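Me: I have this model open and would like to go through a few of its features with you. Could we start with how the helices pack and then move on to the charged pairs and the surface?

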Amino acid sequence: MPFGLLKYGLSKTYPAKHHFTPRKDLKKHYDVVIIGGGGHGAAIAYYLAKYHGITDIAILEKGYLGGGNTGRNTAVLRANYLTEEGVTFYRESLKLYRDLSNEFDYNIMWENRGQLTLATTDAAIGSFRWRAEVNKHLGVQSELIGRDEIRELVPLLNLGDGGRYPILGGLWHADGGTARHDAVVWGYAKGACERGVELHQLTEVTGLDVEHGRIKAVLTNRGTVQCGCAVQAVAGTSSLLAAMAGFKLPIHTYPLQAMVTQPYKPILDPLVSAPHVHVYIQQTSRGEFVIGGGSDPYPLYNTRSTLEMKESLCSAIQELFPFIGQMRLLRQWAGITDMTPDYSPIMGLSPVENYYLDAGWGTWGFKATPISGKTMAELIATGRVPDLIKPFGVDRFLRFEQVNEAGATAASH
Amino acid sequence: MKIVPCPLNGPRNISEFAYGGEVELMPDPNTSSSEEWAEYIFFSDNPAGVVREWWCHSATSYWFIAERNTVTDEIVRTYPASELFKERVEFKKESE
Ligand SMILES: Cc1cc2nc3c(=O)[nH]c(=O)nc-3n(C[C@H](O)[C@H](O)[C@H](O)COP(=O)(O)OP(=O)(O)OC[C@H]3O[C@@H](n4cnc5c(N)ncnc54)[C@H](O)[C@@H]3O)c2cc1C
């Protein structure tokens, strides 16, 4: 058996496929420079090449492809937000997710499992009713459900009778689901590279050459590249890139931690979130339980994990699913997230004319990867801000026109 | 557990404290434009390095200032707010 495998591996009949650009020198000039090789950067490149015929593009990534928050997130996909702007935007993203595997010819393991958020107070029930109505009005499947339906969907859930947090009801979002996070960025990067985009890993942007309100060149640890325009899609380090371009953003950088158990038999189908104890959970198709929660209590540019967060996630998740106390943890990790005051992204134009922003993705940006890529590509190619992302411009804060998604985001990502 | 040297209570666990944001100079609410005010409340340098921040020891409601490195998470120095703010900030009513 091992020899058979080795023979197969070395056989010329099945050559290994190389999906990404082999390492080569940077050119002197690119039409578009994309800073950040996460899902968002790769998706922007993909849609620019696919729909707009722009392929003279370099994606500059300081580490490895997808090594930032794209490779660290808990892959909750949902569109059950509160504002019309938010719901419409994330709804379009979920639609794109459905077809991505076919489009890429590469399995992103998208699964439509449904997502359930629990309520333990009348106030939460009230806000769920509100969200359900907004969602339905905009064509997103959400409904307020009671304890019996919850018991049917998640038989192993502790409904908390006689305990500290009796569960009163839930917001059931049948469109919710998950996908393999790495595969999403790999699929986009593969599609982009096949169309001529260059991916440069281990290439860190260290400065931006801005003159008379226009960006001329991008400085990197591998030399300077001139560019027609540039876009930053760097998540946790958004403020640092903006500072290089000479402006401030309404962003604070906080770590977000998560952890995962060893794999077990499949027993939990929907994704479940419990804002009252700041925890959410899903069982991956490999059987592991992925457990996440709220952000760290203060800002930090560091991906260390803490014992406090492990303790709080463990105690919260045992409140919901007592059997998890028997399981073993495999890993705990963190990503650094670019949090905005209203929990909505910052997309579109910047104070620098040909420099675009794809930032403020905080703890919720994985689900937005396809639609951000598509709309940002349209903006870069046409110079016009697509209607879908008009509400998310950075200047909304100067007009006090925040798009408030705080209540629909906390601990449910 | 990380320890914060509180200027009032001595070394305490960080879970006893609440983070209160960067120390920033407030523009005069009576004369600043609404854009200046928006910049002050929303926009931030959010630097990677040593930052001057407000912290509160929750149990004693004591606000003080900490200089903290946002990359290494080291607390470089903590001191009473009176080191920076010598005078009381008066919020005058807007004259109409
Ligand atoms: C623990 C955790 C759980 C999460 N859970 C969810 C979830 O369930 N659902 C959801 O929708 N979202 C979730 N998120 C948020 C989501 O992961 C992010 O919003 C999203 O992945 C951002 O994608 P991105 O491509 O913009 O950023 P990233 O994937 O972080 O990519 C940015 C890239 O830029 C690179 N970079 C940074 N600075 C430079 C530089 N100077 N030069 C060159 N390259 C640079 C980085 O190395 C990085 O690879 C979670 C995040 C975390 C940390």
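Me: Is the crossing of α2(A) and α6(A) left-handed or right-handed?

Reply: This is a predicted model, and in it α2(A) and α6(A) cross in a left-handed way.

Me: At what angle do helix α2 and helix α6 of chain A pack, and how far apart are their axes?

Reply: Helix α2 of chain A, residues 39-52, packs against helix α6 of chain A, residues 181-194, at an angle of about 35 degrees, and their axes are 8 Å apart.

Me: Which residues in α2(A) and α6(A) meet there?

Reply: From α2(A) the contacts come from A:Gly39, A:Ala42, A:Ala43, A:Ala45, A:Tyr46 and A:Tyr47, and they meet A:Val185, A:Tyr188, A:Ala189, A:Gly191 and A:Ala192 in α6(A).

Me: Switching to charges, how many salt bridges are there over all chains?

Reply: The count comes to 26 salt bridges over all chains. One of them pairs A:Lys50 with A:Glu103, with the closest N and O atoms 3.0 Å apart.

Me: What does the pair of A:Lys50 and A:Glu103 tie together?

Reply: A:Lys50 lies in helix α2 of chain A and A:Glu103 in helix α3 of chain A (residues 84-104), so the pair ties together parts that are 53 residues apart in sequence. A:Lys50 is partly exposed at a relative accessible area of 30%, and A:Glu103 is likewise partly exposed, at 28%.

Me: And A:Arg147, which side chain does that one meet in a salt bridge?

Reply: The side chain of A:Arg147 meets that of A:Asp161, at 2.4 Å from N to O. This pair links distant parts of the chain, 14 residues apart, with A:Arg147 in helix α5 of chain A (residues 147-153) and A:Asp161 in the loop between α5 and β5 (169-173) of chain A. A:Arg147 counts as partly exposed at 24% relative accessibility, whereas A:Asp161 counts as exposed at 56%.

Me: What about A:Glu211 and A:Lys216, how far is it from N to O?

Reply: Their side chains meet in a salt bridge at 3.5 Å, N to O. Salt bridges that share partners also join A:Asp296, A:Arg304, B:Glu53, B:Arg68 and B:Asp73 into one network.

Me: Now the surface: which residues of chain B form a nonpolar patch?

Reply: B:Leu25, B:Met26, B:Leu84, B:Phe85, B:Val89 and B:Phe91 form that patch, with about 580 Å² of accessible area together.

Me: Is B:Phe91 buried or exposed, and where does B:Phe91 lie?

Reply: B:Phe91 is exposed, with a relative accessible area of 61%, and lies in the segment after β6 (75-80) of chain B.

Terms used
Residues numbered from 1 in each chain as written. Chains lettered and ligands numbered in written order. Predicted model: local features only at pLDDT ≥ 70, side-chain atom pairs only at ≥ 80, totals over all residues. Heavy atoms only, no water. Patch = residues over 30% accessible without salt bridge, like charges linked within 9 Å, V, L, I, M, F, W, Y side chains within 5 Å. Areas by Shrake-Rupley, 256 points an atom, 1.4 Å probe, with all protein chains shown as cover. Salt bridge = Lys/Arg side-chain N within 4 Å of Asp/Glu carboxyl O. Helix = DSSP H or I, 4+ residues; strand = E, 2+ residues; numbered from the N terminus. Buried < 20%, exposed > 50% of the residue type's maximum accessible area, 1.4 Å probe, protein only. Axes fitted to C-alpha atoms, helices over the stretch in contact; angles between N-to-C directions. Left-handed = near helix turned anticlockwise from the far one by under 90°. Contact = heavy atoms within 4.5 Å.
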